[in-house]
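Open the model in your viewer and keep the sequence panel beside it. This tour says what to select next and what is there.

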Amino acid sequence: MRKGLGNIDEHVGSDMIRLYHIGFQIIEKPDIDVGRRNADFGQGFYLSSDEEFSRRWARDRKDSKTYLNTYVLNLEGLRVKVFERSTEWFDYISSNRAGRPDVLDSYDVITGPIANDTIYDTWGIVTSGLLEKETALRILEIGPAYNQTVIKTLKAVKALEFCGASVIGNEEIDSYRNAVEIEEKNFQEQMAKILESSDP
């Protein structure tokens, strides 16, 4: 199934970016108040500019279809915070995940890297206080820097144009699951080397 996609390239100008959201629903009008407040970049509607990465997040659920929702965001007039891998990025995620007040809630959009999709399996290690921050950052920098973008305000929601949705089939979901397992294994091997080299 493909709903309303057409040629979305014609919508993308210099102030616009194409974004994707994976889930079990077609979401034409995102709700920024749905979801966890202690997510990486705070409360909001999460997307990615990386289509393949978005597809990797696809999961199957009985009696439900899995959809890749596609949007175009017009950045003109929006207050946007762009993160790179840095101590600022690390500290912001750490603060949000700890449930502290969002210090960047005045921004309409925040975008930046997920160090690796296995970050969620290792976050407890890197924030345990047992590692130096430099070592923690080295772990989070393993692998490609996948992008995540969060829509944080109603102003940004109004600037987000829904372009359509397509169904992700079970065969594709299974193929990405295998790819993620391989990447997780590589991640764990590299992490072990970093931890070993950081031992006193």
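**Aromatic pairs**

Start with the rings: this structure holds six aromatic pairs. The model is a predicted one.

Select phenylalanine 45 and tyrosine 71. Their ring centres lie 5.9 Å apart and their planes meet at 80°, so this pair is edge-to-face; planes over 60 degrees apart count that way. The pair joins distant parts of the chain, 26 residues apart. Phenylalanine 45 belongs to strand S3 (residues 45-47), and tyrosine 71 to strand S4 (residues 67-74). Are these two buried or exposed? Both phenylalanine 45 and tyrosine 71 are buried.

Now select phenylalanine 53 and tyrosine 146. This aromatic pair is stacked, with 4.6 Å from centre to centre and 15° between the planes. It also links distant parts of the chain, here 93 residues apart. Look for phenylalanine 53 in helix H1 (residues 51-56) and tyrosine 146 in strand S7 (residues 146-151). Phenylalanine 53 and tyrosine 146 are both buried.

Next, pick Phe41, Phe83 and Tyr92. These three make up one aromatic cluster.

**Charges over rings**

The charged end of lysine 81 sits over the ring of phenylalanine 83, 5.1 Å from its centre. Then select arginine 61 and phenylalanine 24. Here the charged end of arginine 61 sits over the ring of phenylalanine 24, at 4.0 Å from the ring centre.

**The cores**

Go back to tyrosine 71 and show what surrounds it. Leaving out residues up to four places away in sequence, tyrosine 71 touches a list of residues that includes Ile17, Leu19, Ile27, Phe45, Leu160 and Phe162.

Which residues have the most contacts inside the largest nonpolar core? They are Phe45, Tyr71, Leu73, Ile151 and Leu160, in a core of 17 residues. Colour S3, S4, helix H5 (154-158) and strand S8 (160-167): these are the elements that give two or more residues to this core.

A second, separate core has 15 residues. Select Tyr92, Ile110, Leu137 and Leu140, which are included in it.

**A buried asparagine**

Move to helix H2 (residues 87-97) and select asparagine 96 there. Its relative accessible area is 2%, so asparagine 96 is buried; the cut-off for buried is under 20%. What does asparagine 96 contact, beyond its neighbours within four places in sequence? The answer is Asn38, Ala39, Asp40, Phe41, Gly42 and Asp102. Phe41 is also part of the aromatic cluster with Phe83 and Tyr92.

**Helix H6**

Select residues 170-198, which form helix H6. H6 has 29 residues and reaches 41 Å from its first C-alpha to its last. That is close to the 42 Å expected at 1.5 Å a residue. Now highlight Ile173, Tyr176, Val180, Glu183, Phe187, Met191 and Ile194: in H6, these are buried.

**The whole view**

Zoom out and switch to a cartoon. The protein has six helices and eight strands. Follow them along the sequence and the pattern reads β-β-β-α-β-β-α-β-α-α-β-α-β-α.

Finish with the surface. The protein exposes about 10900 Å², and carbon and sulfur atoms supply 47% of it. Of the 200 residues, 46% are buried. Among contacts with a separation of 6 or more, 87% are between residues 24 or more positions apart.

Methods
Residues numbered from 1 in each chain as written. Predicted model: local features only at pLDDT ≥ 70, side-chain atom pairs only at ≥ 80, totals over all residues. Heavy atoms only, no water. Helix = DSSP H or I, 4+ residues; strand = E, 2+ residues; numbered from the N terminus. Buried < 20%, exposed > 50% of the residue type's maximum accessible area, 1.4 Å probe, protein only. Contact = heavy atoms within 4.5 Å. Areas by Shrake-Rupley, 256 points an atom, 1.4 Å probe, with all protein chains shown as cover. Phe/Tyr/Trp six-rings, centres within 6.5 Å; stacked < 30°, edge-to-face > 60°. Lys NZ or Arg CZ within 6 Å of the ring centre and 35° of its normal. Core = buried A, V, L, I, M, F, W, Y, C linked by side-chain atoms within 4.5 Å. Expected span 1.5 Å × (residues − 1).
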